[in-house]
Amino acid sequence: MERKYWQEEMETASRETLDKLQLERLQKSVKRTYENVPMYRERMDAAGVKPEDIKTLDDIRKLPFTCKQDLRDTYPYGMFAAPMKDVVRIHASSGTTGKQIVVGYTKNDLEAWDNIVARQLIAAGLTDEDKVQVAYGYGLFTGGLGLHGGASLLGSTVIPISSGNTARQVALMKDLEATALACTPSYALFLAESIAEAGLKPEDLKLRAGIFGAEPWTEGMRKQIEAGLGIKAYDIYGLTEVMGPGVAYECSEQKGMHVNEDHFIIEILDPDTLEPVPDGCQGEIVFTSLTKEAFPVMRYRTRDIGSVTHEPCACGRTFVRMSKPQGRTDDMLIIRGVNVFPSQIEEVLIKLGYTPNYQIVVDRVNNLDTFEVKVELSESMFEGSVGDLSRREREIGEGMRSTLGISPKITLVNPHSIERSIGKAKRVIDNRKLHD
Amino acid sequence: MAVKQLSVFIENRKGMLSEVTDALSDAHINLRALCLAEAADYGILRLIVDDTEKAVGIVRDTGRTVVVNDVVGVIVPDTPGGLNLVLHTLNGHDVGIDYMYAFISKENGKANVVFRTADVAAADKYLSDAGFELI
(Lines give C-alpha, C1' and ligand atoms only; values in the text may rest on other atoms or scores of the structure.)
Protein backbone atom coordinates (compact mmCIF):
# COMPACT_ATOMS: atom_id res chain seq x y z
CA MET A 1 0.00 0.00 0.00
CA GLU A 2 1.46 3.37 -0.96
CA ARG A 3 1.59 5.92 1.83
CA LYS A 4 2.57 9.53 1.64
CA TYR A 5 4.19 9.69 5.06
CA TRP A 6 5.48 7.16 7.55
CA GLN A 7 4.73 9.18 10.70
CA GLU A 8 2.47 11.89 9.36
CA GLU A 9 1.78 13.61 12.67
CA MET A 10 5.47 14.22 13.26
CA GLU A 11 6.55 14.81 9.66
CA THR A 12 3.90 17.47 9.08
CA ALA A 13 3.73 19.02 12.56
CA SER A 14 3.45 22.79 12.83
CA ARG A 15 6.58 24.81 13.67
CA GLU A 16 5.03 25.66 17.01
CA THR A 17 4.49 22.01 17.90
CA LEU A 18 7.99 21.12 16.74
CA ASP A 19 9.59 23.94 18.72
CA LYS A 20 7.76 22.87 21.85
CA LEU A 21 8.70 19.22 21.38
CA GLN A 22 12.33 20.09 20.61
CA LEU A 23 12.68 22.21 23.73
CA GLU A 24 11.18 19.52 25.98
CA ARG A 25 13.41 16.88 24.47
CA LEU A 26 16.50 19.08 24.54
CA GLN A 27 16.06 19.87 28.22
CA LYS A 28 15.60 16.22 29.08
CA SER A 29 18.55 15.11 26.94
CA VAL A 30 20.93 17.75 28.30
CA LYS A 31 20.04 16.81 31.85
CA ARG A 32 20.60 13.11 31.20
CA THR A 33 23.82 13.72 29.33
CA TYR A 34 25.14 16.05 32.03
CA GLU A 35 24.46 13.41 34.64
CA ASN A 36 25.95 10.50 32.76
CA VAL A 37 28.80 11.69 30.54
CA PRO A 38 31.80 13.10 32.45
CA MET A 39 33.21 14.96 29.45
CA TYR A 40 30.04 16.97 28.91
CA ARG A 41 29.63 17.62 32.64
CA GLU A 42 33.19 18.96 32.88
CA ARG A 43 32.75 21.18 29.85
CA MET A 44 29.42 22.57 30.99
CA ASP A 45 30.79 23.17 34.48
CA ALA A 46 33.81 24.93 33.01
CA ALA A 47 31.48 27.15 30.99
CA GLY A 48 29.27 27.74 34.03
CA VAL A 49 26.22 26.18 32.34
CA LYS A 50 23.74 23.97 34.20
CA PRO A 51 21.03 21.85 32.53
CA GLU A 52 18.42 24.22 34.08
CA ASP A 53 19.90 27.09 32.05
CA ILE A 54 18.37 25.64 28.89
CA LYS A 55 15.11 27.59 28.89
CA THR A 56 14.62 28.27 25.18
CA LEU A 57 15.83 26.62 21.97
CA ASP A 58 18.28 29.48 21.50
CA ASP A 59 19.94 28.43 24.74
CA ILE A 60 21.45 25.56 22.76
CA ARG A 61 24.20 28.07 22.05
CA LYS A 62 25.29 27.84 25.66
CA LEU A 63 26.16 24.17 25.20
CA PRO A 64 29.69 22.98 24.45
CA PHE A 65 30.70 21.72 21.01
CA THR A 66 31.74 18.17 20.26
CA CYS A 67 34.47 17.39 17.74
CA LYS A 68 35.54 14.13 16.19
CA GLN A 69 38.69 14.20 18.30
CA ASP A 70 36.56 14.22 21.48
CA LEU A 71 35.00 10.96 20.36
CA ARG A 72 38.44 9.48 19.73
CA ASP A 73 39.74 10.67 23.09
CA THR A 74 36.88 8.98 24.93
CA TYR A 75 37.27 5.68 23.03
CA PRO A 76 35.64 3.28 23.49
CA TYR A 77 32.80 3.94 25.95
CA GLY A 78 33.58 7.34 27.44
CA MET A 79 30.65 9.11 25.75
CA PHE A 80 28.02 6.48 26.52
CA ALA A 81 25.13 7.81 28.60
CA ALA A 82 23.32 4.52 29.21
CA PRO A 83 24.42 1.50 31.24
CA MET A 84 25.92 -1.22 29.07
CA LYS A 85 23.07 -3.60 29.94
CA ASP A 86 20.77 -1.25 28.02
CA VAL A 87 23.13 -0.91 25.05
CA VAL A 88 22.04 -3.45 22.47
CA ARG A 89 24.15 -2.51 19.46
CA ILE A 90 27.58 -1.11 18.68
CA HIS A 91 28.61 0.55 15.42
CA ALA A 92 31.85 2.23 14.48
CA SER A 93 32.82 4.89 12.00
CA SER A 94 34.56 3.78 8.84
CA GLY A 95 37.41 6.19 9.54
CA THR A 96 40.66 5.08 8.01
CA THR A 97 42.89 7.33 10.03
CA GLY A 98 43.46 7.15 13.75
CA LYS A 99 41.25 5.30 16.19
CA GLN A 100 37.78 4.22 15.20
CA ILE A 101 34.87 6.03 16.73
CA VAL A 102 32.61 3.65 18.57
CA VAL A 103 28.93 4.47 19.11
CA GLY A 104 26.12 2.60 20.87
CA TYR A 105 22.35 2.23 20.67
CA THR A 106 19.66 1.24 23.13
CA LYS A 107 16.47 -0.51 22.02
CA ASN A 108 14.74 2.87 21.88
CA ASP A 109 17.59 4.31 19.81
CA LEU A 110 17.27 1.50 17.28
CA GLU A 111 13.51 1.96 17.14
CA ALA A 112 13.93 5.67 16.43
CA TRP A 113 16.57 4.93 13.80
CA ASP A 114 14.44 2.33 12.02
CA ASN A 115 11.57 4.81 11.93
CA ILE A 116 13.56 7.65 10.44
CA VAL A 117 14.95 5.33 7.76
CA ALA A 118 11.39 4.15 7.05
CA ARG A 119 10.41 7.82 6.59
CA GLN A 120 13.06 8.05 3.86
CA LEU A 121 11.88 4.91 2.13
CA ILE A 122 8.26 6.11 2.11
CA ALA A 123 9.42 9.52 0.83
CA ALA A 124 11.17 7.67 -2.01
CA GLY A 125 7.82 6.08 -2.91
CA LEU A 126 8.57 2.61 -1.53
CA THR A 127 5.95 0.37 0.04
CA ASP A 128 5.79 -2.97 1.82
CA GLU A 129 5.66 -4.57 -1.61
CA ASP A 130 9.14 -3.40 -2.62
CA LYS A 131 12.20 -5.60 -2.67
CA VAL A 132 15.12 -3.60 -1.33
CA GLN A 133 18.63 -4.69 -2.21
CA VAL A 134 20.82 -3.38 0.59
CA ALA A 135 24.29 -3.17 -0.94
CA TYR A 136 25.76 -1.02 1.79
CA GLY A 137 28.36 -2.84 3.83
CA TYR A 138 26.91 -4.77 6.77
CA GLY A 139 28.80 -4.78 10.01
CA LEU A 140 30.22 -1.97 12.08
CA PHE A 141 29.43 0.49 9.27
CA THR A 142 25.99 1.99 9.89
CA GLY A 143 24.87 1.85 6.23
CA GLY A 144 23.94 -1.82 5.91
CA LEU A 145 22.11 -2.43 9.17
CA GLY A 146 20.63 1.08 9.14
CA LEU A 147 18.85 0.62 5.83
CA HIS A 148 18.10 -2.98 6.73
CA GLY A 149 16.27 -1.89 9.89
CA GLY A 150 14.19 0.79 8.16
CA ALA A 151 13.23 -1.43 5.25
CA SER A 152 12.28 -4.26 7.61
CA LEU A 153 10.10 -1.95 9.69
CA LEU A 154 8.36 -0.72 6.56
CA GLY A 155 7.67 -4.34 5.68
CA SER A 156 9.59 -4.41 2.42
CA THR A 157 11.42 -7.54 1.37
CA VAL A 158 15.05 -6.99 2.31
CA ILE A 159 17.82 -8.51 0.21
CA PRO A 160 20.77 -8.15 2.64
CA ILE A 161 23.52 -8.69 0.09
CA SER A 162 25.97 -6.20 1.64
CA SER A 163 28.66 -4.61 -0.54
CA GLY A 164 31.10 -6.20 -2.96
CA ASN A 165 30.92 -9.17 -5.33
CA THR A 166 29.51 -7.08 -8.12
CA ALA A 167 28.75 -9.95 -10.50
CA ARG A 168 26.53 -11.53 -7.85
CA GLN A 169 24.89 -8.17 -7.11
CA VAL A 170 23.89 -7.81 -10.74
CA ALA A 171 22.72 -11.41 -11.09
CA LEU A 172 20.56 -11.29 -7.94
CA MET A 173 19.23 -7.84 -8.74
CA LYS A 174 17.90 -9.26 -11.98
CA ASP A 175 16.80 -12.71 -10.78
CA LEU A 176 15.16 -11.56 -7.53
CA GLU A 177 13.59 -8.58 -9.29
CA ALA A 178 14.83 -6.03 -6.78
CA THR A 179 12.83 -2.80 -7.05
CA ALA A 180 15.05 -0.59 -4.90
CA LEU A 181 18.76 -0.32 -4.27
CA ALA A 182 20.51 1.14 -1.23
CA CYS A 183 24.26 1.72 -1.33
CA THR A 184 26.87 4.46 -1.67
CA PRO A 185 26.49 6.59 -4.81
CA SER A 186 29.93 5.57 -6.07
CA TYR A 187 28.98 1.92 -5.77
CA ALA A 188 25.67 2.62 -7.55
CA LEU A 189 27.62 4.08 -10.45
CA PHE A 190 29.96 1.10 -10.42
CA LEU A 191 26.96 -1.24 -10.50
CA ALA A 192 25.47 0.73 -13.40
CA GLU A 193 28.71 0.28 -15.36
CA SER A 194 28.85 -3.40 -14.48
CA ILE A 195 25.25 -3.87 -15.60
CA ALA A 196 26.07 -2.28 -18.96
CA GLU A 197 29.21 -4.40 -19.28
CA ALA A 198 27.14 -7.52 -18.59
CA GLY A 199 25.11 -6.58 -21.66
CA LEU A 200 22.02 -5.64 -19.62
CA LYS A 201 19.86 -2.57 -20.02
CA PRO A 202 17.97 -0.73 -17.26
CA GLU A 203 14.73 -2.14 -18.78
CA ASP A 204 15.97 -5.66 -18.04
CA LEU A 205 15.73 -4.84 -14.32
CA LYS A 206 12.79 -4.01 -12.08
CA LEU A 207 14.64 -1.29 -10.17
CA ARG A 208 12.71 1.95 -9.74
CA ALA A 209 14.32 3.80 -6.84
CA GLY A 210 17.67 4.09 -5.15
CA ILE A 211 18.63 5.40 -1.72
CA PHE A 212 22.20 6.60 -1.77
CA GLY A 213 24.32 8.21 0.89
CA ALA A 214 27.38 7.99 3.16
CA GLU A 215 29.57 10.02 0.83
CA PRO A 216 29.24 13.32 -1.01
CA TRP A 217 27.83 13.26 -4.53
CA THR A 218 26.76 15.86 -7.03
CA GLU A 219 23.60 16.46 -9.05
CA GLY A 220 25.57 15.41 -12.14
CA MET A 221 26.34 12.09 -10.54
CA ARG A 222 22.66 11.69 -9.65
CA LYS A 223 21.75 12.05 -13.33
CA GLN A 224 24.35 9.48 -14.36
CA ILE A 225 23.09 6.98 -11.78
CA GLU A 226 19.46 7.61 -12.74
CA ALA A 227 20.22 7.07 -16.44
CA GLY A 228 22.48 4.07 -15.85
CA LEU A 229 20.05 2.22 -13.59
CA GLY A 230 16.75 3.59 -14.92
CA ILE A 231 15.65 4.79 -11.47
CA LYS A 232 14.95 7.87 -9.42
CA ALA A 233 17.85 8.40 -7.02
CA TYR A 234 17.33 9.77 -3.49
CA ASP A 235 19.92 11.21 -1.18
CA ILE A 236 19.96 10.06 2.43
CA TYR A 237 22.16 11.92 4.89
CA GLY A 238 23.61 10.73 8.10
CA LEU A 239 26.73 10.11 10.04
CA THR A 240 27.71 7.45 12.52
CA GLU A 241 28.56 9.97 15.22
CA VAL A 242 25.01 11.34 15.17
CA MET A 243 23.00 8.18 14.34
CA GLY A 244 23.79 6.74 10.92
CA PRO A 245 21.85 7.13 7.66
CA GLY A 246 18.52 8.90 8.10
CA VAL A 247 19.46 12.01 10.04
CA ALA A 248 18.02 13.85 7.02
CA TYR A 249 16.09 12.47 4.06
CA GLU A 250 15.04 13.53 0.62
CA CYS A 251 11.39 13.70 -0.52
CA SER A 252 10.13 13.47 -4.09
CA GLU A 253 10.60 17.23 -4.50
CA GLN A 254 14.37 16.68 -4.21
CA LYS A 255 15.02 20.23 -3.12
CA GLY A 256 17.09 19.51 -0.05
CA MET A 257 16.85 16.91 2.68
CA HIS A 258 14.36 17.11 5.54
CA VAL A 259 16.13 16.93 8.89
CA ASN A 260 14.33 14.64 11.35
CA GLU A 261 13.79 17.49 13.76
CA ASP A 262 11.95 15.42 16.35
CA HIS A 263 15.28 13.64 16.93
CA PHE A 264 17.92 16.21 15.98
CA ILE A 265 18.49 19.94 16.04
CA ILE A 266 20.50 21.28 13.13
CA GLU A 267 22.54 24.48 13.32
CA ILE A 268 24.46 26.11 10.49
CA LEU A 269 27.41 28.03 11.87
CA ASP A 270 30.17 30.14 10.44
CA PRO A 271 33.13 27.74 10.88
CA ASP A 272 35.43 30.55 11.99
CA THR A 273 33.25 32.54 14.38
CA LEU A 274 30.87 29.65 15.27
CA GLU A 275 28.00 32.14 15.05
CA PRO A 276 24.77 31.09 13.29
CA VAL A 277 24.35 32.09 9.64
CA PRO A 278 20.94 32.97 8.10
CA ASP A 279 18.80 30.56 6.05
CA GLY A 280 20.29 29.94 2.64
CA CYS A 281 23.83 30.85 3.71
CA GLN A 282 26.54 28.25 3.84
CA GLY A 283 28.21 27.20 7.01
CA GLU A 284 29.31 24.19 9.00
CA ILE A 285 26.51 21.75 9.80
CA VAL A 286 26.21 21.05 13.53
CA PHE A 287 23.85 18.49 15.11
CA THR A 288 22.50 17.97 18.61
CA SER A 289 20.66 14.74 19.35
CA LEU A 290 17.35 15.00 21.20
CA THR A 291 16.29 11.45 21.92
CA LYS A 292 19.42 9.33 21.81
CA GLU A 293 19.95 7.38 25.01
CA ALA A 294 23.19 5.47 24.51
CA PHE A 295 25.26 8.02 22.60
CA PRO A 296 23.85 11.54 22.86
CA VAL A 297 25.82 14.32 21.19
CA MET A 298 25.74 18.03 21.88
CA ARG A 299 26.51 20.35 18.99
CA TYR A 300 28.52 17.84 17.02
CA ARG A 301 30.61 19.63 14.40
CA THR A 302 30.22 17.51 11.27
CA ARG A 303 32.77 19.44 9.16
CA ASP A 304 30.19 19.24 6.37
CA ILE A 305 29.46 22.54 4.69
CA GLY A 306 25.82 23.21 3.83
CA SER A 307 22.82 25.45 4.34
CA VAL A 308 19.21 25.14 5.52
CA THR A 309 15.87 26.56 4.47
CA HIS A 310 12.66 26.85 6.49
CA GLU A 311 10.60 27.54 3.34
CA PRO A 312 7.55 25.23 3.15
CA CYS A 313 8.11 22.16 0.98
CA ALA A 314 5.52 21.07 -1.58
CA CYS A 315 5.63 17.53 -0.16
CA GLY A 316 3.85 18.74 2.98
CA ARG A 317 6.65 17.86 5.38
CA THR A 318 7.45 20.68 7.76
CA PHE A 319 10.93 19.58 8.80
CA VAL A 320 13.61 22.09 7.88
CA ARG A 321 15.56 21.16 4.73
CA MET A 322 19.34 21.04 4.51
CA SER A 323 21.24 21.30 1.24
CA LYS A 324 23.39 18.51 -0.05
CA PRO A 325 26.70 19.12 1.72
CA GLN A 326 28.85 21.19 -0.63
CA GLY A 327 32.04 19.76 0.74
CA ARG A 328 33.70 19.02 4.01
CA THR A 329 35.98 21.36 5.81
CA ASP A 330 38.32 18.42 6.36
CA ASP A 331 37.99 17.07 2.78
CA MET A 332 39.30 20.35 1.56
CA LEU A 333 42.82 20.09 0.27
CA ILE A 334 45.12 23.04 0.24
CA ILE A 335 47.37 22.57 -2.76
CA ARG A 336 49.96 25.23 -3.52
CA GLY A 337 47.90 27.51 -1.33
CA VAL A 338 44.66 26.94 -3.25
CA ASN A 339 41.56 25.35 -1.70
CA VAL A 340 40.47 22.27 -3.64
CA PHE A 341 37.38 20.16 -2.93
CA PRO A 342 37.13 16.69 -4.48
CA SER A 343 33.55 17.58 -5.50
CA GLN A 344 34.95 20.24 -7.84
CA ILE A 345 37.01 17.62 -9.67
CA GLU A 346 33.93 15.44 -9.97
CA GLU A 347 31.90 18.31 -11.42
CA VAL A 348 34.52 19.08 -14.07
CA LEU A 349 34.65 15.44 -15.18
CA ILE A 350 30.86 15.17 -15.37
CA LYS A 351 30.60 18.44 -17.28
CA LEU A 352 33.06 17.10 -19.86
CA GLY A 353 31.05 13.90 -20.20
CA TYR A 354 33.27 11.55 -18.24
CA THR A 355 32.25 9.11 -15.53
CA PRO A 356 33.66 10.51 -12.30
CA ASN A 357 36.02 7.64 -11.57
CA TYR A 358 38.98 9.61 -10.37
CA GLN A 359 41.58 9.83 -7.66
CA ILE A 360 43.53 12.82 -6.47
CA VAL A 361 47.16 12.25 -5.53
CA VAL A 362 48.98 15.01 -3.72
CA ASP A 363 52.62 14.87 -2.73
CA ARG A 364 55.46 17.19 -1.92
CA VAL A 365 58.65 17.09 -3.95
CA ASN A 366 61.47 19.56 -3.20
CA ASN A 367 59.07 21.55 -1.00
CA LEU A 368 56.60 21.97 -3.83
CA ASP A 369 53.17 20.38 -3.90
CA THR A 370 52.53 17.99 -6.74
CA PHE A 371 48.92 17.56 -7.80
CA GLU A 372 47.81 14.69 -9.95
CA VAL A 373 44.32 13.57 -10.93
CA LYS A 374 44.01 10.01 -12.14
CA VAL A 375 41.06 9.37 -14.44
CA GLU A 376 39.94 5.95 -15.55
CA LEU A 377 39.95 5.45 -19.31
CA SER A 378 36.72 3.76 -20.33
CA GLU A 379 36.27 2.19 -23.75
CA SER A 380 33.87 4.93 -24.76
CA MET A 381 36.70 7.44 -24.26
CA PHE A 382 39.23 5.51 -26.31
CA GLU A 383 39.65 5.77 -30.06
CA GLY A 384 43.03 4.12 -30.14
CA SER A 385 45.18 7.11 -31.03
CA VAL A 386 47.77 8.99 -29.04
CA GLY A 387 46.53 12.25 -30.51
CA ASP A 388 43.03 11.71 -29.18
CA LEU A 389 44.25 10.76 -25.70
CA SER A 390 46.50 13.83 -25.54
CA ARG A 391 43.54 15.95 -26.55
CA ARG A 392 41.48 14.42 -23.73
CA GLU A 393 44.26 14.98 -21.20
CA ARG A 394 44.50 18.61 -22.27
CA GLU A 395 40.72 19.05 -22.18
CA ILE A 396 40.44 17.67 -18.63
CA GLY A 397 43.50 19.63 -17.48
CA GLU A 398 42.08 22.82 -18.94
CA GLY A 399 38.70 22.20 -17.27
CA MET A 400 40.41 21.67 -13.92
CA ARG A 401 42.52 24.79 -14.31
CA SER A 402 39.56 27.00 -15.07
CA THR A 403 37.52 25.61 -12.14
CA LEU A 404 40.23 25.22 -9.51
CA GLY A 405 42.70 27.90 -10.49
CA ILE A 406 45.58 25.44 -10.53
CA SER A 407 46.51 22.74 -13.02
CA PRO A 408 46.78 19.14 -12.00
CA LYS A 409 48.73 16.63 -14.00
CA ILE A 410 46.14 14.38 -15.63
CA THR A 411 46.98 10.70 -15.75
CA LEU A 412 44.77 8.24 -17.57
CA VAL A 413 44.62 4.82 -15.93
CA ASN A 414 43.07 1.42 -16.58
CA PRO A 415 39.30 1.01 -16.11
CA HIS A 416 38.21 -0.12 -12.62
CA SER A 417 41.76 0.31 -11.33
CA ILE A 418 40.83 2.97 -8.77
CA GLU A 419 39.94 1.25 -5.55
CA ARG A 420 36.26 1.67 -4.74
CA SER A 421 34.50 -1.66 -4.66
CA ILE A 422 33.58 -1.69 -0.98
CA GLY A 423 31.78 1.17 0.68
CA LYS A 424 33.32 4.52 0.03
CA ALA A 425 35.55 5.38 -2.90
CA LYS A 426 39.01 6.50 -1.94
CA ARG A 427 39.19 9.82 -3.72
CA VAL A 428 42.21 11.44 -2.17
CA ILE A 429 45.70 10.20 -1.47
CA ASP A 430 47.65 12.89 0.30
CA ASN A 431 51.20 11.68 0.70
CA ARG A 432 52.32 15.00 2.15
CA LYS A 433 51.10 13.92 5.56
CA LEU A 434 53.65 11.12 5.62
CA HIS A 435 56.55 13.55 5.51
CA ASP A 436 55.39 15.92 8.25
CA MET B 1 39.46 -5.27 -47.35
CA ALA B 2 40.19 -3.44 -44.14
CA VAL B 3 42.44 -5.13 -41.60
CA LYS B 4 41.19 -5.32 -38.01
CA GLN B 5 43.64 -3.98 -35.46
CA LEU B 6 43.45 -3.92 -31.67
CA SER B 7 44.58 -0.78 -29.85
CA VAL B 8 45.27 -1.38 -26.18
CA PHE B 9 45.86 1.33 -23.58
CA ILE B 10 49.03 0.49 -21.65
CA GLU B 11 49.91 2.32 -18.44
CA ASN B 12 53.55 3.28 -18.22
CA ARG B 13 54.52 0.83 -15.49
CA LYS B 14 56.84 -2.13 -15.39
CA GLY B 15 55.31 -5.38 -16.62
CA MET B 16 52.20 -3.80 -18.16
CA LEU B 17 53.06 -4.95 -21.68
CA SER B 18 54.03 -8.50 -20.80
CA GLU B 19 50.78 -8.99 -18.85
CA VAL B 20 48.94 -8.53 -22.14
CA THR B 21 51.24 -10.71 -24.21
CA ASP B 22 51.19 -13.39 -21.49
CA ALA B 23 47.40 -13.48 -21.52
CA LEU B 24 47.31 -13.68 -25.31
CA SER B 25 49.91 -16.42 -25.46
CA ASP B 26 48.06 -18.42 -22.77
CA ALA B 27 44.98 -18.22 -25.00
CA HIS B 28 47.04 -19.41 -28.00
CA ILE B 29 46.49 -16.22 -29.92
CA ASN B 30 49.07 -15.63 -32.59
CA LEU B 31 50.45 -12.11 -33.07
CA ARG B 32 50.94 -11.28 -36.72
CA ALA B 33 52.13 -7.72 -36.26
CA LEU B 34 52.57 -5.28 -33.45
CA CYS B 35 53.70 -1.79 -32.75
CA LEU B 36 53.94 0.19 -29.52
CA ALA B 37 53.30 3.92 -29.65
CA GLU B 38 54.58 5.90 -26.72
CA ALA B 39 53.41 9.04 -24.99
CA ALA B 40 54.71 10.45 -21.72
CA ASP B 41 52.61 8.41 -19.29
CA TYR B 42 51.18 5.63 -21.36
CA GLY B 43 51.57 3.68 -24.53
CA ILE B 44 49.20 2.31 -27.09
CA LEU B 45 49.87 -1.23 -28.15
CA ARG B 46 48.63 -2.02 -31.63
CA LEU B 47 48.15 -5.63 -32.56
CA ILE B 48 47.05 -7.62 -35.54
CA VAL B 49 46.18 -11.13 -34.48
CA ASP B 50 44.68 -14.29 -35.90
CA ASP B 51 41.46 -14.05 -33.83
CA THR B 52 40.52 -10.43 -33.18
CA GLU B 53 37.26 -11.03 -31.35
CA LYS B 54 38.73 -13.55 -28.93
CA ALA B 55 41.76 -11.33 -28.34
CA VAL B 56 39.53 -8.38 -27.40
CA GLY B 57 37.88 -10.45 -24.67
CA ILE B 58 41.24 -11.68 -23.38
CA VAL B 59 42.72 -8.17 -23.24
CA ARG B 60 39.59 -6.72 -21.62
CA ASP B 61 39.79 -9.40 -18.93
CA THR B 62 43.25 -8.14 -18.01
CA GLY B 63 41.52 -4.89 -16.96
CA ARG B 64 42.64 -2.81 -19.90
CA THR B 65 40.84 -0.49 -22.27
CA VAL B 66 40.81 -1.89 -25.79
CA VAL B 67 39.26 -0.80 -29.06
CA VAL B 68 39.21 -2.35 -32.54
CA ASN B 69 40.10 -0.09 -35.47
CA ASP B 70 40.11 -0.70 -39.21
CA VAL B 71 43.47 -0.12 -40.81
CA VAL B 72 44.76 -0.39 -44.36
CA GLY B 73 47.14 -3.28 -45.06
CA VAL B 74 49.10 -3.28 -48.30
CA ILE B 75 51.90 -5.41 -49.71
CA VAL B 76 54.84 -3.22 -50.66
CA PRO B 77 56.70 -4.09 -53.87
CA ASP B 78 60.05 -5.64 -52.99
CA THR B 79 62.17 -3.08 -54.84
CA PRO B 80 64.06 0.04 -53.77
CA GLY B 81 61.49 2.82 -53.53
CA GLY B 82 58.65 0.31 -53.18
CA LEU B 83 57.09 2.13 -50.23
CA ASN B 84 57.41 5.42 -52.09
CA LEU B 85 55.14 4.12 -54.83
CA VAL B 86 52.47 3.47 -52.22
CA LEU B 87 52.94 6.86 -50.58
CA HIS B 88 52.82 8.74 -53.88
CA THR B 89 49.54 7.08 -54.73
CA LEU B 90 48.13 8.15 -51.37
CA ASN B 91 49.48 11.69 -51.77
CA GLY B 92 47.81 11.88 -55.16
CA HIS B 93 44.46 11.32 -53.46
CA ASP B 94 45.17 13.55 -50.45
CA VAL B 95 45.08 10.61 -48.07
CA GLY B 96 46.73 11.50 -44.74
CA ILE B 97 48.39 8.88 -42.57
CA ASP B 98 47.96 8.85 -38.80
CA TYR B 99 50.52 6.14 -38.12
CA MET B 100 52.17 3.29 -39.96
CA TYR B 101 54.19 0.18 -39.25
CA ALA B 102 55.66 -2.61 -41.32
CA PHE B 103 56.14 -6.34 -40.93
CA ILE B 104 57.16 -9.35 -42.99
CA SER B 105 54.28 -11.72 -43.38
CA LYS B 106 54.82 -15.42 -42.86
CA GLU B 107 52.07 -16.17 -45.36
CA ASN B 108 53.20 -14.08 -48.33
CA GLY B 109 56.86 -13.69 -47.38
CA LYS B 110 56.67 -10.06 -48.43
CA ALA B 111 56.97 -6.68 -46.81
CA ASN B 112 53.57 -5.57 -45.51
CA VAL B 113 52.69 -2.08 -44.43
CA VAL B 114 49.78 -1.23 -42.17
CA PHE B 115 48.50 2.30 -41.69
CA ARG B 116 45.62 4.15 -40.14
CA THR B 117 43.81 6.89 -42.02
CA ALA B 118 40.51 8.69 -41.70
CA ASP B 119 38.75 6.83 -44.54
CA VAL B 120 40.08 3.30 -44.71
CA ALA B 121 37.67 2.13 -47.42
CA ALA B 122 38.63 4.97 -49.74
CA ALA B 123 42.35 4.36 -49.25
CA ASP B 124 41.85 0.66 -49.94
CA LYS B 125 40.14 1.52 -53.20
CA TYR B 126 42.81 3.99 -54.35
CA LEU B 127 45.55 1.47 -53.69
CA SER B 128 43.87 -1.48 -55.37
CA ASP B 129 42.89 0.68 -58.35
CA ALA B 130 46.57 1.60 -58.65
CA GLY B 131 47.41 -2.10 -58.77
CA PHE B 132 48.69 -2.69 -55.23
CA GLU B 133 47.89 -5.90 -53.48
CA LEU B 134 46.01 -5.50 -50.21
CA ILE B 135 46.27 -7.88 -47.30
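In the legends below, contact means heavy atoms within 4.5 Å, and the model shown is predicted.

**View 1. Chain A meets chain B.** Let's start where the two chains touch: 17 residues of chain A are in contact with 17 residues of chain B. Together the chains bury about 1500 Å², with 53% of that area on carbon and sulfur atoms. Three residues, Glu379(A), Phe382(A) and Asn414(A), supply 41% of the area that chain A buries against chain B, more than any other three.

**View 2. A salt bridge joins Glu379(A) to Arg60(B).** Look for the two side chains, which meet at 2.9 Å, N to O. The interface holds 2 salt bridges by the rule used here, and 6 residue pairs are in polar contact between the chains. On the chain A side, helix H11 (386-404) and strand S20 (409-413) each supply at least two residues. H11(A) gives the most, with 4 residues. Sorted by type, the chain A side has 7 nonpolar, 6 polar and 4 charged residues.

**View 3. Helix H3 of chain B has buried residues along one face.** Now find residues 82-92 of chain B, where Gly82(B), Val86(B), Thr89(B) and Leu90(B) are buried. Seen down the helix axis, these residues fall within an arc of 100°, so they line one face of H3(B). An α-helix has 3.6 residues a turn, so residues three or four places apart point the same way. On the other side of H3(B), His88(B) and Gly92(B) are exposed.

View 4. Just after H3(B), spot Asp94(B), which takes a positive phi of about 55°.

How values were computed:
Residues are numbered from 1 along each chain as its sequence is written. Chains are lettered from A and ligands numbered from 1 in the order in which they are written. This is a predicted model: local features need pLDDT of at least 70, side-chain atom pairs count only at pLDDT 80 or more; totals for chains, interfaces and linings use all residues. Side-chain values use heavy atoms; hydrogens and water are left out. Buried area is the accessible area (1.4 Å probe) that two parts lose on being put together, summed over both. A salt bridge is a side-chain nitrogen of Lys or Arg within 4 Å of a carboxyl oxygen of Asp or Glu. A polar contact is a pair of N or O atoms within 3.5 Å; within protein, one must be able to donate a hydrogen and the other to accept it, and residues adjacent in sequence count only if both atoms are side-chain atoms. Ala, Val, Leu, Ile, Met, Phe, Trp, Tyr, Cys and Pro count as nonpolar, Asp, Glu, Lys and Arg as charged, and the others, Gly among them, as polar. Buried means under 20% relative accessible area, exposed over 50%, partly exposed in between (1.4 Å probe, protein chains only). The arc is that of the directions from the helix axis to the C-beta atoms.
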